[in-house]
Amino acid sequence: MGNRGMEDLIPLVNRLQDALSGVGQSCSLHLPQIAVVGGQSAGKSSVLENFVGRDFLPRGSGIVTRRPLILQLLSANTEYGEFSHSKGKKFTDFDEIRKEIEAETHRLTGANKGISPVPISLRIFSPHVLNLTLVDLPGITKVPIGDQPADIEYQIRDMIMQFICKENCLILAVTPANTDLANSDALKLAKDVDPQGQRTIGVITKLDLMDEGTDARNILENRLLPLRRGYIGVVNRSQKDIDGKKDIKAALHAEEKFFLSHPAYKHMAKSTGTPYLQRILNQQLTNHIRDTLPAFRSHLQSQLLEMSKEAEEYSQFRPDDVARRTKTLLQSVQRLAVDFEKLIEGSGNKVDTVNLSGGARINRIFHERFPYELVKLESDERNLRKEINYAIRNIHGVRTGLFTPDMAFEAIVKMQISRLKGPCVQFVDMVSQELIATVYQCINELSSFPKLRDETERIVSTEIREQESRCRDQVMLLIDLQLAYVNTKHEDFIGFTNGQQTSQQSHKKTVAVTAGNHGVAPPSRLIVIRKGWLTISNIGIMKGGAKEFWFILSAESLSWFRDNEEKEKKYMLPLDNLKLRDVEKGFMSSRSVIAIFNTELRNVYKDYKSLELACCSQEELDSWKASLLQAGVYPENATVDEQGNGAPENFLDPQLERQVETIRSLVDSYMSIIYKTFKDLMPKTVMHLMINSVKEFISSELLAQLYALGERSALMDESPEQQRHREEVLRKHAALKEALAVVGKFSSSTCTTPLPPPVDSSWIRASSTTLPKKAVTKPVARGHAPAGQPHRAPPGVPRRHPPAIPKVK
């Protein structure tokens, strides 16, 4: 054929396919091959056996081929077979090959007609074959048998599609001559993935089973239902011949005699039969490899480039070379230190776009989790005032105190500080867990050496636990320092202004408590106690009934405006002789309400004896009541609980109420300083004592401790998996290099057979059940006409209508 150089590429492709199939990546290169597609009992297996000249495929009723069989035919002086799953074992008895295929099929699919997409790879060397790579696929079926699933048809179609959808795969569509060609499932599938017909070759089997007086001449001449690459007819052995062990050589001789003697086929006898099909497939595959060679070479190069670095590292590693083992140990520890630092500092080469990891998770603990735990520590107003109330009364004892006791303030503050121990210890523990998780992530890179990985994990984890204990002690020391001395002269403490402690008498004029934050502004601004939105619910003459206003509570008055810009003041109510009382919720109301009234029975606003103020929640209402208490507006009545203790919101003694509110404001102010201090100090302490210490340990101390074990040789023992992986990488790398070297020797000017021109293949439709009228009424000349143009007979050939589709014999 004048293309011998290209034919030599087929064995190379076969060797490369074997090399890659062992590591499960044979499909990644889309190697050129021929997939045999057809229905059950279409004669696919017989065609393949005729190629080899031997009986070696399983036979039986129903679906026999239940796993893809990658069949590599290689021309050689001796005849034998080899399976990729049992390398090194040569099968000279082809009955043994059949049994091995059946056993390997049963191993994955069972004995009840199940299927599996995992291929069986068989290489046959013989002096009677041409170089070919074929894939025998399960026959297309529609009815499940045995324990096959109900969707067996779709499973088989999906399996076939996995092979024929690849651009480097030629499709051998096998159809029996005694069936309706327009309904051929093989041609329909081929049309789905190869609409231009560039990769599809038609094979017509069972020509000897047609009714007398009918033939498939028009089909084989590509006149009836044309394909771009045309059809080739073959005659296989009958079931009687197979049962009678008829020799394949005799069958091939009978096939040749059939075509030479048949009046419809004798003029085309040289372009029919199994030997001709084998030569055409060899030529077509060779040409196909040539056409796809540039893309194939590029794919080989990209694959080689991807594994070059890994293969270079493995090629330099010598399991028995002590120097190499020591160097690998050093490089592994250095890489671990670099990877750990990159994950912590956020400068890694591979950025996770799905989950947070390493330093990002620790940063979230610093600035989200820990502040949240501190917020949860803050007691609600009711419990805090209750604790202050009891502290003041217990300190006064039987006496009535005229001044706010400092001891109550200090006792409450120390109790609040002591509660920091839980969140701080939890903070250290969370950071420790993230450090360990980060170390595990880095240590996984050492999985090639199990002993090294285990010892590294043990040593680093122990170091993290030691640093965690040290950090926890330091945090406890920080809390003890805060408990040792309550610094009421701190510049941010609201009880200390211009270097002097404010007196209890001036506290009402100077303390500023804004909504949600009991901090203090400079003295010139210490007038407003609270600002916020409230609803006046009992003044019905206002348009729309209840309406929200912007309220400002100061030490002297309660004012409200139309909006929070405070441009239009609606009213200012003095606080003298005012008190407050709770108001029950209405039947349909969800708001909490309090009423402000004058103790001298005067109107508080125009003609209204009381002003009812509503909030969205009870918590917000309690906060406003606390602010009113601080401004000197006290509850109307006092209640006593079952134990005889005064309830925190309704005290019997107004002086005690004032002392509670004063201490509460002071505690809030001082604890805001403490919280701010710990929010700043805790990340710094953990960063210094844990994170930086662990980074320093891994980079400078880990290697020394590994050396101190005295087991350097055992540390670098490879795992069995790693050893196999290393060998596979080196083998695949060598195969790719060999393939590129051989591919590079071929010239693009090698001889090839041009692809036939397009033909009208619109007759192939997935849903067609009958022949299109056009295909019957307009016969196609032998040869091919451009797509879209009518096919006409050449000069000298009479026009005639093709015969009807042959009936089944």
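Where is lysine 206 found? I looked this up first, keeping in mind that I am working with a predicted model. Lysine 206 is in the loop that runs between strand E7 (200–205) and helix H7 (217–220). I checked its backbone too: phi of lysine 206 is near 60°, a positive value in a residue other than glycine.

**Another positive phi**

I then turned to glutamate 566, where phi is near 60°, again positive in a residue other than glycine. I found glutamate 566 in the loop between strand E13 (557–561) and strand E14 (569–574). Its relative accessible area is 29%, so I noted glutamate 566 as partly exposed.

**Strand E5**

Next I asked myself: how many residues of strand E5 are buried? Five of the five residues in E5 (residues 132–136) are buried, so I wrote the strand down as mostly covered. I followed the side chains and saw Leu132, Leu134 and Asp136 pointing one way, with Thr133 and Val135 pointing the other way.

I looked at the neighbours of E5 as well. Strand E1 (residues 33–38) pairs with E5 in the parallel sense, over three bridges, and isoleucine 34 stands opposite leucine 134 of E5. Strand E2 (residues 69–75) pairs with E5 in the antiparallel sense, over five bridges. There, leucine 73 has leucine 132 of E5 as its bridge partner.

**Salt bridges**

Side chains of opposite charge can pair when their charged atoms come close, and I wanted to see some examples. My search of the whole structure gave 25 salt bridges.

In helix H5 (residues 152–164), I picked arginine 157 and glutamate 153, which sit four residues apart, about one turn of the helix. Their side chains meet in a salt bridge at 3.3 Å, N to O. Both arginine 157 and glutamate 153 are buried.

Helix H16 (residues 450–484) holds lysine 451 and glutamate 455, also four residues apart. The closest N and O atoms of their salt bridge are 3.7 Å apart. Lysine 451 is partly exposed at 32% relative accessibility, while glutamate 455 is buried at 13%.

I noted another pair in H16: glutamate 468 and arginine 465, three residues apart. They form a salt bridge with closest N and O atoms 3.1 Å apart. Glutamate 468 is buried at 5% relative accessibility, and arginine 465 is partly exposed at 38%. My last entry is a network: Glu49, Asp55 and Arg237 are joined by salt bridges that share partners.

Technical notes. Residues are numbered from 1 along each chain as its sequence is written. This is a predicted model: local features need pLDDT of at least 70, side-chain atom pairs count only at pLDDT 80 or more; totals for chains, interfaces and linings use all residues. Side-chain values use heavy atoms; hydrogens and water are left out. Helices (H or I, at least four residues) and strands (E, at least two) are DSSP runs, numbered from the N terminus. Buried means under 20% relative accessible area, exposed over 50%, partly exposed in between (1.4 Å probe, protein chains only). Two strands pair if DSSP finds at least two bridges between them. A salt bridge is a side-chain nitrogen of Lys or Arg within 4 Å of a carboxyl oxygen of Asp or Glu.
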